[in-house]
Amino acid sequence: TLEVGDYVLAPDLVVERKALPDLVQSLASGRLYNQAEAMLRTYRRPTLLLEFDENRPFALATRAELAADLSPNSTTSKLCLLLLHFPKLRLLWSRRPLHTIAIFDALKRGAPEPDVDKAAAVGTHAEQAAGQLFNMTPQDLLRSMPGVHAHNYRRLMNAVTNMHELSQLSLGRLAELLGEQNARRLHTFLHQSA
């Protein structure tokens, strides 16, 4: 059983597979947000596969189910928000289980085999205790700061243990970690008066 994702097809590729009823429930409860966050934290190519019932139309909603003005509570709106929040999350659509097999085959073609033990350990308490995962609240805060983006935030997380240490870094040290322009933006943000 995997803690993160339903299928690990390659060392960097994980797939969360959702049938439409499960998709609706997972979006409503917020569970899919947590699942996407865990996949993105751990894998380079996180993927959400929506599998349709072959006896239903190949659509999230029929025309009758779509309102003229989409509400924030609709499945379509929630899915859009999920993808906006996690732009690296890939979305795949499958017409039926047989089509899913063909998609998996195409995704696996030429890819190395995943390490079964590593895939099974992802997201477990043993992995968290080993320090392989970061606390997400400070990480989210860090990633929202000026000059910090998807390509440099891990360097900062590896250089400091908390936000206080980050605020004490010199402009020169920040430049070593982020580059001069990003360092200036972050340093100015951290040291401006409220």
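How are H1 and H3 oriented to each other? H1 and H3 are roughly perpendicular to each other. The report below gives the values behind this answer and then describes other parts of the chain.

This is a predicted model, in which local features need pLDDT of at least 70 and side-chain atom pairs count only at pLDDT 80 or more, while totals for chains, interfaces and linings use all residues. Residues are numbered from 1 along each chain as its sequence is written, and side-chain values use heavy atoms, with hydrogens and water left out.

## The chain as a whole

The protein chain has 11 helices and four strands. Helices (H or I, at least four residues) and strands (E, at least two) are DSSP runs, numbered from the N terminus. The chain has 194 residues, and 34% of them count as buried. Buried means under 20% relative accessible area, exposed means over 50%, and partly exposed lies in between (1.4 Å probe, protein chains only). Among contacts with a separation of 6 or more, 61% are between residues 24 or more positions apart. Contact means heavy atoms within 4.5 Å.

## Packed helices

Two packed helices are described by the angle between their axes and the distance between the axes. Here the axes are lines fitted to C-alpha atoms, for helices over the stretch in contact, and angles run from 0 to 180 degrees between N-to-C directions. Angles under 35 degrees count as roughly parallel, over 145 as roughly antiparallel, 65 to 115 as roughly perpendicular and the rest as oblique.

| Helix pair | Angle between axes | Distance between axes |
|---|---|---|
| H1 and H3 | about 65° | 10 Å |
| H1 and H2 | roughly 90° | within 5 Å |
| H10 and H11 | about 130° | 7 Å |

H1 passes H3 in a left-handed crossing. A crossing is left-handed if the near helix is turned anticlockwise from the far one by less than a right angle, and right-handed if clockwise. On the H1 side, Leu23, Val24, Leu27 and Ala28 meet Thr75, Lys78 and Leu79 of H3. By class, this contact of H1 with H3 has five nonpolar, one polar and one charged residues. Ala, Val, Leu, Ile, Met, Phe, Trp, Tyr, Cys and Pro count as nonpolar, Asp, Glu, Lys and Arg as charged, and the others, Gly among them, as polar.

H1 and H2 are likewise roughly perpendicular to each other. Asp22, Leu23, Ser26, Leu27 and Ser29 of H1 make the contact with Arg31, Leu32 and Gln35 of H2. The classes in the contact of H1 with H2 are three nonpolar, three polar and two charged residues.

H10 (residues 171-178) and H11 (residues 180-191) form another packed pair. H10 and H11 are oblique to each other, and their crossing is right-handed. The contact joins Leu171, Leu174, Ala175 and Leu178 of H10 to Glu180, Asn182, Ala183, Arg184, Leu186 and His187 of H11. Six nonpolar, two polar and two charged residues take part in the contact of H10 with H11.

Ser26 lies in H1 and counts as buried, because its relative accessibility is 0%. Leaving aside neighbours within four places in sequence, Ser26 is in contact with Lys18, Arg31, Leu32 and Gln35.

H2 covers residues 31-42. Its 12 residues should span 16 Å at 1.5 Å a residue, and the end C-alpha atoms are 17 Å apart, which agrees. The expected span is 1.5 Å times one less than the number of residues in the helix. The buried residues of H2 are Leu32, Ala36, Glu37, Ala38 and Met39.

In H3 (residues 75-85), Ser77, Leu79 and Leu82 are buried. Their cover includes H1, H2, S3 (45-51) and S4 (90-94).

Asp12 lies in the loop between S1 (7-10) and S2 (13-19). Asp12 is buried, with a relative accessible area of 19%. Not counting residues up to four places away in sequence, Asp12 touches Tyr43, Arg44 and Arg45.

Lys88 is in the loop between H3 and S4. Lys88 and Ala36 are 52 residues apart along the chain, and their C-alpha atoms are separated by 9.9 Å. Apart from neighbours within four places in sequence, Lys88 is in contact with Leu40, Pro46 and Ala150.

Asn162 lies in the loop between H8 (153-159) and H9 (163-168). Asn162 counts as partly exposed, because its relative accessibility is 38%. Asn162 and Pro138 are 24 residues apart in sequence and 8.0 Å apart in space, C-alpha to C-alpha.
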